Amino acid sequence: MALRLARSRLLTHILRGKIEALTTFDGVSLPNLIPIWFNSSPANGNDTCRGGSLSNTRNFCSLPHAGSVQANEILTQDDKGSISQVLDFPGGKVAFVAEMRFLAESPKERISCYRVLDDSGQIVSGSRFKEVGKDLARKMYTDMVTLQIMDTIFYEAQRQGRISFYLTSFGEEAINIASAAALSLDDVVLPQYREPGVLLWRGFTLQEFANQCFGNTLDYGKGRQMPIHYGSNRLNYFTVSSPIATQLPHAVGAAYSLKMDKKNACSITYFGDGGTSEGDFHAALNFAAVLEVPVIFFCRNNGWAISTPITDQFKCDGVVIRGQAYGIRSIRVDGNDALAVYSAVHAAREMAVSEGRPILVEALTYRVGHHSTSDDSTKYRPIDEIEHWRIARDPISRYRNWVEGNGWWSDADESELRSNVRKELLQAIQVAERLHKPPLRDLFTDVYDQVPNNLRDQENLLRQTIKKHPADYPSDIPL
Ligand SMILES: Cc1ncc(C[n+]2csc(CCOP(=O)(O)OP(=O)(O)O)c2C)c(N)n1
Ligand SMILES: [Mg+2]
């Protein structure tokens, strides 16, 4: 290959005069002027073209022989007038260099993190952000507190054995509410499971949350999902996906459909740091970049995937850096700063919708609660670490300081809000608990238009078993 390059350099010098007359040097390539062979020998007819995705690129892979990759080398002239060699390669020109240079495994400095509010809730001087007026600010604060109270009470209800499972968003209230506030209702949400605040923001009532957690007749999923697997057609919110990262490719598909229908909307998908270890994360980012679809990938990097810390999960600088690798515009943001999250998602949405492009947002935060009610996180992480984030980095009190500083919130507002939400939620739980469960038959419907024989057989078997052991059958599920 070195020989071929040297020979082609000689050739280019000979042809320089002619080339300069023909080349505009402003990005116009000269496809067939100075072809060179590189990469592999054309002699081996069995070789396949490297990189299947390139095989349909004309002039690049010399099909049907597919023995080598043919590239076109052209001349260009830099600002100082010296001649350098560049390769006109699909995706843009690549400069040749004499020096053998490996890309470093990581940049010298970690990618910085955008924030608007400092730890005490003061605006950081020089910060640029999207203005939040009084009504919006109060609603954001109200919903952050509501989410926290909802988590506390449902968590207790699980501990009392009234619901089977629960999962809190403690510490991630700003991510939930501020990102939701920056979206439009037409935007399609594909959540993981730690984002009920997005649904709350969109108008899901405490009664609707309670109906789902208790799996009663008013639960939209008809009691067939575990608690916290909320979903709402009305609010453009896909049902929560617990198999990690499956929602990411779905979000790309949803965005592609929005693009084809020329809708003024995007899709947004939420996922944790753990989700980035799934193949679906990589496939989704790549598809989104190549298809140029309006999707926001919102990663809640909360440091832990159940008991796996991020240091056991990836070696690179978090998640944001991977956006660039896939050709996606990306930002890292302080996930405990509601104003920063709001501004970043607002800007991300603008770009996604108006330019038809994917955006990756990595929010740095911390999962203050246990992973779920099936977990005890003190077994694998220091209590000091949890307490530091719970107290010193709490997103709600930080944001409250800012809202209060503007004169938009008071102690009286605070106690009224807390007592109202508590009352409303306890009432919702009582109602939800008293309602019947969906009938047994619902277990077998809604997947197929006609219930197939194998499911009918299962239903019959179940009914026979219940007849044999009536005492073991829960009395609140109608037969
Ligand atoms: C495909 C798959 N693998 C494993 C699990 C078990 N699992 C449930 S939650 C979870 C951790 C996910 O962590 P992360 O994505 O960081 O979200 P977080 O819980 O921190 O919000 C795992 C491994 C699963 N649900 N699905
Ligand atoms: Mg996590």
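**View 1. The shell around ligand 1.** Strand E6 (267-272) and strand E8 (304-305) each supply at least two residues of the shell around ligand 1; strands here are DSSP runs (E, at least two residues), helices likewise (H or I, at least four), numbered from the N terminus. This is a predicted model, in which local features need pLDDT of at least 70 and side-chain atom pairs count only at pLDDT 80 or more, while totals for chains, interfaces and linings use all residues. Residues are numbered from 1 along each chain as its sequence is written, with chains lettered from A and ligands numbered from 1 in the order in which they are written.

Ile244, Gly272, Gly274, Gly275 and Ala305 come nearest among the 16 residues around ligand 1 (near: C-beta atom, placed from the backbone, within 6 Å). By class, the shell holds six nonpolar, six polar and four charged residues, with Gly counted as polar, Ala and Ile as nonpolar, and Asp, Glu, Lys and Arg as charged.

**View 2. The open sheet.** Five strands run in the order E5-E6-E7-E11-E10, with parallel pairing (a pair needs at least two DSSP bridges). Strand E5 (188-190) and strand E10 (329-334) are the edges, each pairing on one side only.

**View 3. E6 beside E7.** Look here for six bridges joining E6 and strand E7 (residues 295-301) in the parallel sense. Phenylalanine 271 has cysteine 299 of E7 as its bridge partner.

**View 4. A helix across the sheet.** Helix H6 (residues 247-260) lies across E5, E6 and E7, at about 170° to E6 (angles run from 0 to 180 degrees between N-to-C directions, with axes fitted to C-alpha atoms, for helices over the stretch in contact; contact means C-beta atoms, placed from the backbone, within 7 Å).

Notes. Contact = placed C-beta atoms within 7 Å.
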